[in-house]
Structure formats: C-alpha cells, structure tokens
Amino acid sequence: MPVKSIMIVGVGGQGTLLASRILGEVLTSEGFDVKVSEVHGMSQRGGSVVTYVKYGAKVFSPIIDRGEADIILAFEQLEAARWISYLKPNGKLILNTQKIAPMSVVTGGAGYPDGIIADLEDSGADVTSLDALELAVAAGSAKAVNVVLIGAMAAKTEISKETWL
Amino acid sequence: MKKLFLGNGAVARGLYEAGCRVVSSYPGTPSTEITEIAAEYDGIYCEWAPNEKVAMEVAVGAAIAGARSFCAMKHVGLNVAADPLFTASYTGINAGMVIGVADDPGMHSSQNEQDSRHYARAAKLPMLEPSDSAECLEFTKAAFHLSETFDTPVIIRLTTRIAHSRSLAEESERVEKDVLKYEKNPQKYVMMPAMAKVRHAVVEDRLCKLADWGENTAVSDGINRAEYNSEKIGIITSGICYQYAKEALGTNASYLKLGCVYPLPTELIRGFAARCEKVYVIEELDDFIETHCKKNGIEVVGKQVFTKLGEYSQSMISSVILGDVKKTLSVKTSVPPRPPVLCAGCPHRGLFYALKKQKAFVSGDIGCYTLGALQPLSMMDTCICMGASVSALHGKNKADKANEKKSVAVIGDSTFIHSGITGLINIAYNKSNSVVIILDNSITGMTGHQQNPTTGLTITGEPTAAVSLEKLASAVGIKRIRVIDPYDLSETENAVREELEADEPSVIISRRPCALLKSVKHAPPLKVDADKCRACGMCMRIGCPAISLDKSSKAVIDFTQCVGCNVCKQLCKFGAITD
C-alpha cells in the first residue's frame with residue numbers, strides 16, 4: 001500500500017500529541033509500517049503544534065511536507081489555514097470550528113481573521129467541519145476534544161470500526 | 001513482535017537490553033525521554049544529575065568501576081560536559097560507557113543549532129548516528145560493544161526527528177552484564193602529564209583501529225552500508241537525512257548510509273563515489289562528512305547546494321536534486337503567527353509584570369520563563385546559556401554601576417542548581433550589588449516536569465533531601481533573601497522595588513509551583529462581568545492566553561484555560577473580573 005500521510009495541527013495544550021499517539025498505535029495494530037513525528041519542549045507552550053502520522057507498506061521520512069498530506073486533522077480554525085498548504089490538492093480537511101486567539105491577536109496587533117471556513121472550502125480542500133468542543137463538553141469533558149476529532153477522522157480512513165473501538 | 005517506539009524510548013530499551021546499570025542525565029529537549037523511560041526498567045539505576053558535567057562524570061565513574069553506564073544530554077549540554085568528555089577519551093573505560101547527545105536542527109526548543117559531530121572528532125571518540133527507532137535500539141547495544149572492544153566512551157548522536165519520532169522496533173531480552181572487576185591502574189585512570197602523554201598515543205592508535213573497524217566490521221554489521229540502485233546519483237548520508245533521501249529519490253539513486261559518522265570510512269566512501277556519476281553528501285547543519293570527503297580528494301557536492309540552516313525534508317532534497325516542486329493549496333486569509341506563550345496561570349507572569357513596572361534590565365536564562373521575552377511582557381534583555389543570567393548580571397553591574405539598581409537576573413530553580421549557584425557565589429565573593437530572582441516553580445518545567453535537587457523527589461518519585469534555596473543563598477554570603485508568591489502582585493512589586501533599592505546583593509525567591517503540575521489544585525475559572533468591564537485593556541498587559549477581547553474590546557475569559565490564579569483580577573480597577 002502506498003504511504004498515507006495524516007497531519008494533526010492545533011494549539012499546544014489541546015491534546016494533539018495524544019491524538020497522534022492513539023492514531024499511531026491503532027495503525028500499528030493493523031500491521032502497517034508506521035512513523036509518528038512529535039513536537040516537544042518550547043513549541044508546546046500554547047504555540048502552533050503539528051504532528052505527523054504516516055503509514056503504509058514502508059515509510060521512510062517521518063515528516064510531511066507541503067502538498068503531501070492525505071488528511072489534515074485541524075483542532076483549530078487558524079491552524080487549519082496555517083497548514084493548508086501541506087494538504088494534497090485533493091486531500092481531506094477535518095476541521096474543529098473552535099477558535100483560539102493567538103497572542104498577536106489577543107494583544108491587539110492583528111484581528112482573528114473572519115471567514116476562514118469558507119476560505120478553506122474555496123481552496124479546493126474537501127472540508128468536513130464540526131464543533132468538537134461542544135460535543136466534548138456534552139460528553140462530559142472539554143478535554144475530550146482530541147478524542148472527538150479522532151472519532152470524526154476514523155470514518156475517513158480504511159481502518160475498521162472494530163479496531164478503533 | 002514489533003512495537004512503536006519513540007526514538008528516545010528505543011535508546012532506553014537498548015540500554016536495558018545491553019545490561020546497562022547506571023544512567024545519569026540532565027534533562028534537555030530533545031534528549032529527556034531517554035532517561036525518563038530508562039528509569040521505568042528494572043535493573044537500571046537512573047538519576048537526574050544537577051547538570052550534564054556531573055552526569056557524565058557519574059557515568060565515567062560507574063564505567064571505571066565496572067558497570068555499563070550511560071548519560072544523555074542535549075547538544076548544548078555536551079558543552080557543559082565537554083571537560084570530562086575530552087579526558088575520559090584518554091582514560092578509556094572498564095565496562096562500556098555510552099553518551100547520548102541530541103542535536104536540534106531547526107531549533108524547535110534550543111538557543112543554538114550547533115552540530116555535535118564536531119565533538120566526536122575533537123575528543124577523538126567514535127560516534128554512531130541512528131536513522132530510526134529500530135537503529136536507536138540496535139546502535140545503543142552496538143555502542144556498548146564498541147566501547148568495550150576499543151576501550152573508549154562512545155557517543156550516540158540523535159537529532160530531534162529521530163529522538164521525537166515513533167517507528168517500529170523489535171524488542172529482545174536483557175542480557176545481564178556482571179560488574180567487572182576494577183583494577184587499580186593510575187597509568188590509565190590518573191590523568192596528569194606523565195600518564196596523559198602516554199595515553200594520548202593510545203588514543204591516536206585507537207582512532208586508527210576504529211577507522212579500520214568502520215571500513216570492515218561496521219560494514220559487515222550493517223552499520224555502514226552501501227545500497228546500489230541507479231548509479232547516476234550517489235547519496236552519502238546518515239541519520240534522518242537517509243530517510244528523507246530515500247523518500248525523495250527511491251531507486252533513482254544509490255546510497256551510502258553511514259551509521260558511524262566518526263571516524264569516517266574513507267576507502268568505503270571512495271569506492272562508493274567511484275561507482276556513481278554524481279555524488280551528493282546530504283547532511284543537516286555543518287559540512288562534516290563533505291569536508292572529510294574533500295580533504296581526501298573525493299569529489300562530492302554538498303553545501304554549495306544544500307543549506308547549513310535548519311532541518312531538511314524529502315521535498316527539499318527532491319527540489320534541489322531533481323528540480324521537483326509539488327502543487328499546494330493556499331488560502332486568502334493572512335494567518336497571524338502563534339508563538340509559544342507562558343501558560344494560563346504560569347507563576348512567572350506576575351513576576352515579569354512586576355519587573356515591567358520597574359522598567360528593569362533583565363538578564364535572562366534558559367527555561368519556560370524565557371518566554372517572558374515575548375510580547376506583551378517583553379521583559380528580557382539577554383539569554384545566552386544555562387546559568388548565564390546570574391554571572392552576566394554581575395558582569396553588567398561591574399561594567400555599568402550607574403544602572404545596577406535597575407538590573408536583575410531571572411533564573412529557574414533547576415537552572416539555578418545547574419549552573420546559577422556558581423554565578424551567585426561570584427556575586428557574593430566579588431561584591432556586586434546584584435538582584436538575583438530565582439523563579440522557583442518546584443519542577444524542571446520546559447522539558448516536561450522533571451524532578452531536580454530542589455524538589456525533594458528523585459526521578460522515580462522517591463523522597464530525598466531537598467536543597468533549600470534560602471539556606472544555599474545564605475551559605476554563599478547573601479544576606480538579603482526573601483521569598484514571595486508571584487500570584488500576589490503587590491507583594492511581588494514591593495519585593496522587586498525594595499531589593500533593587502538596597503545597597504547589597506539580594507536573592508528573591510519567587511515561589512509558586514507550575515500550574516501544569518498534577519499536584520496543583522486549581523481554583524475555578526474567573527469570569528468577566530461585561531457590565532463592569534470598561535474595555536481599558538489592563539488585563540491584556542500580562543499576556544495570559546486565557547484572556548481575549550470581544551468585538552467591543554471587552555475582556556473574555558476562556559473557561560477551558562483559566563486556572564483562577566487571580567493575577568488579572570488584581571489588575572482590574574473596576575472589579576469586572578470575578579470568581
């Protein structure tokens with residue numbers, strides 16, 4: 001099987017790292033060659049965080065470059081826009097509609113851009129959006145955003161429902 | 001069965017399987033997890049040392065005593081440990097000793113982008129460089145064997161993308177290694193001129209033998225490996241760059257993958273280069289392999305087409321060599337940057353705000369609090385290396401006496417123990433009127449919550465002696481010492497103002513545990529009473545990620561982030577921020 005590439009993007013503290021680990025374990029149990037690349041340290045502190053998950057018959061590079069991702073799982077709108085150039089032209093974007101203002105917006109230097117979702121749809125990406133925060137809160141914890149998003153993505157992969165459960 | 005291992009976790013597994021008994025390290029991204037994970041295995045004694053020099057000396061002592069030993073550090077940590085490194089090369093070992101060093105091309109979490117391979121050559125030590133988790137595990141075991149075969153410490157070099165990527169590796173059983181007998185041998189272990197002169201000759205001879213190993217045994221063991229495909233393009237590479245090159249070029253190129261990057265196998269390289277039409281050296285950072293090739297008259301293309309800056313990738317390699325550029329999507333939205341920030345409830349925030357009010361010169365240091373340099377706090381003037389805040393403040397105050405009452409150093413608890421204490425001794429001994437603020441958040445924060453000598457717990461959570469920062473400062477000769485809670489803004493502001501005004505050196509201990517610690521109980525999130533909020537923007541001056549403004553410029557607090565630290569509440573003159 002040719003290598004598939006999934007990028008998980010979000011803001012430090014949202015649980016993107018755990019999401020990539022869960023995904024990596026699931027794919028390993030399916031018998032794929034898997035590589036997951038993480039970011040630790042300073043960039044985790046509320047910064048823009050990106051992790052890469054690649055799987056297939058044989059994976060070499062653990063990272064995903066521009067134009068290479070089959071799926072981007074975005075935990076936040078602005079981060080989806082930041083990393084959209086990494087999606088393949090026919091790739092899928094699964095978007096949490098949550099907005100987290102970066103410090104440059106908070107301190108008033110720049111506004112949080114409007115109309116990001118429409119803009120992403122216009123880019124040619126196949127966009128599926130959902131309010132994962134609302135669903136997570138309804139399920140009992142705002143911290144479960146990552147699990148909600150993995151669930152949304154599970155439907156877009158070839159992994160069987162039984163494996164995920 | 002193969003399992004998914006973090007590169008660092010695979011090194012830890014390799015330590016376990018190799019029968020390693022003693023591990024001493026200082027945390028540093030991207031090396032930290034090696035030691036954290038090694039501590040979970042039975043049969044390996046692990047510890048956090050106060051700094052990398054101590055860690056390496058512990059490993060040297062253990063190896064000479066006859067136990068396989070290891071120490072890990074980030075690239076800049078190897079600078080701190082360079083002193084024992086160079087001389088342990090002379091003494092050699094008894095049982096195997098391996099040094100793990102993790103470089104950070106791209107500087108995800110570092111203050112420079114130095115290339116540690118130079119240390120291998122400078123200290124005349126062999127260096128292995130794995131390219132995935134399976135090799136992290138295998139090379140760690142091979143390194144112990146190499147160490148004992150050639151009586152030398154061996155360095156394993158990782159980079160961020162190896163250390164912090166997960167890939168599959170196969171576990172095997174631990175092979176127990178008995179502690180070897182120590183035999184007194186001052187000719188070998190006491191390095192003073194007469195003995196060291198003899199040992200230097202041994203080191204040079206060892207290097208020749210290691211070079212021979214690199215041409216022969218390392219090839220039969222698959223550590224140095226040629227893969228022939230199309231011979232139009234030849235790629236000489238190592239580590240993560242091998243993976244990038246394979247993905248970019250596949251069977252359109254042949255590869256010489258060097259698992260041992262020092263000493264380099266000159267004849268193996270020469271033979272490979274002779275078979276290929278055009279030969280590239282692909283290596284991140286410096287032209288280490290390339291220089292070796294050129295010195296030996298082997299024609300290669302390297303840094304004239306590849307950068308010395310940052311990380312490489314498969315696309316970058318395919319665009320340089322093949323001229324390929326991928327199609328990409330784009331959006332019209334202009335995306336504002338999202339740099340890392342001090343977390344909501346970070347105890348450093350109140351302290352930096354107090355320094356801002358005093359318009360202080362801040363001599364900074366390495367840790368989470370380096371983020372205080374960023375807007376809106378913008379309260380750091382310098383940040384060089386671990387411990388430099390304290391010693392550089394002393395230098396500044398000696399040079400610029402007129403401004404000494406406007407200048408402070410800020411340093412975290414772990415960094416202070418690492419190398420701030422020596423600077424403080426210098427302040428007391430050489431009499432500068434310096435104010436040193438120890439940001440004591442009761443943990444090593446930036447690297448992900450490691451215990452340190454001030455926390456009273458070991459790496460495994462066992463209770464132990466805790467350094468008293470107050471008593472330590474007192475013991476070195478500082479008389480003015482006070483402890484404050486940085487969540488209390490008026491207390492913090494008073495302390496900073498009064499200590500700056502004082503005519504003698506002082507230490508302020510700004511004490512409040514990291515808000516991310518599991519043991520810290522959070523108050524409920526605060527709320528903004530929109531009727532009372534006058535949109536004055538005072539609460540925005542502290543740069544808390546939990547506070548933002550709505551369309552009418554009134555403050556909004558994000559309940560998912562706020563930990564109820566009350567710092568913003570103390571700033572609001574209108575009582576708009578409430579419990």
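Modeller: A salt bridge is taken here as a side-chain nitrogen of Lys or Arg within 4 Å of a carboxyl oxygen of Asp or Glu, and by that rule 7 salt bridges are found across the interface of chain A and chain B. The model is a predicted one, in which local features need pLDDT of at least 70 and side-chain atom pairs count only at pLDDT 80 or more, whereas totals for chains, interfaces and linings use all residues. Residues are numbered from 1 along each chain as its sequence is written, chains are lettered from A and ligands numbered from 1 in the order in which they are written, and side-chain values use heavy atoms, with hydrogens and water left out.

The contact between the chains (heavy atoms within 4.5 Å) takes 61 residues from chain A and 58 residues from chain B. Chain A and chain B bury about 4900 Å² between them, and carbon and sulfur atoms carry 60% of it; buried area is the accessible area (1.4 Å probe) that two parts lose on being put together, summed over both. Across this interface there are also 22 residue pairs in polar contact, both residues being at pLDDT 80 or more. A polar contact is a pair of N or O atoms within 3.5 Å, where within protein one must be able to donate a hydrogen and the other to accept it, and residues adjacent in sequence count only if both atoms are side-chain atoms.

On the side of chain A that touches chain B, the elements giving two or more residues include helix H1 (16-29), strand E2 (33-37), strand E3 (48-56) and strand E5 (87-96) of chain A. Helices (H or I, at least four residues) and strands (E, at least two) are DSSP runs, numbered from the N terminus. The largest share of that side, 5 residues, comes from E2(A). By residue class, the side of chain A that touches chain B divides into 28 nonpolar, 16 polar and 17 charged residues, where Ala, Val, Leu, Ile, Met, Phe, Trp, Tyr, Cys and Pro count as nonpolar, Asp, Glu, Lys and Arg as charged, and the others, Gly among them, as polar.

E2(A) also pairs with a strand of the other chain: 3 bridges join E2(A) to strand E8 (residues 165-170) of chain B, and the two run antiparallel, two strands being paired if DSSP finds at least two bridges between them. Within this pairing, Val36(A) stands opposite Arg166(B) in E8(B). Arg166(B) in turn forms a salt bridge with Glu38(A), with the closest N and O atoms 2.4 Å apart. Arg166(B) lies in strand E8 of chain B and Glu38(A) in the loop between E2 and E3 of chain A, so this pair joins two chains. Another salt bridge links Glu79(A) with Arg338(B), the closest N and O atoms being 2.5 Å apart. Over all chains, the structure holds 46 salt bridges.

For context within chain B, the domain assignment, an automatic or database one, gives domain 1 (2-215), domain 2 (224-321), domain 3 (348-511) and domain 4 (527-578). The C-alpha centres of domain 3 of chain B and domain 4 of chain B lie 28 Å apart, and their contact takes 9 residues from domain 3 of chain B and 11 residues from domain 4 of chain B. The area buried between these two domains is about 880 Å², with 65% of it from carbon and sulfur atoms. Of the area that domain 3 of chain B buries against domain 4 of chain B, Arg349(B), Tyr353(B) and Tyr487(B) supply 62%, more than any other three residues. Across the interface of domain 3 and domain 4 of chain B the rule finds 0 salt bridges, while the count of residue pairs in polar contact is 4.
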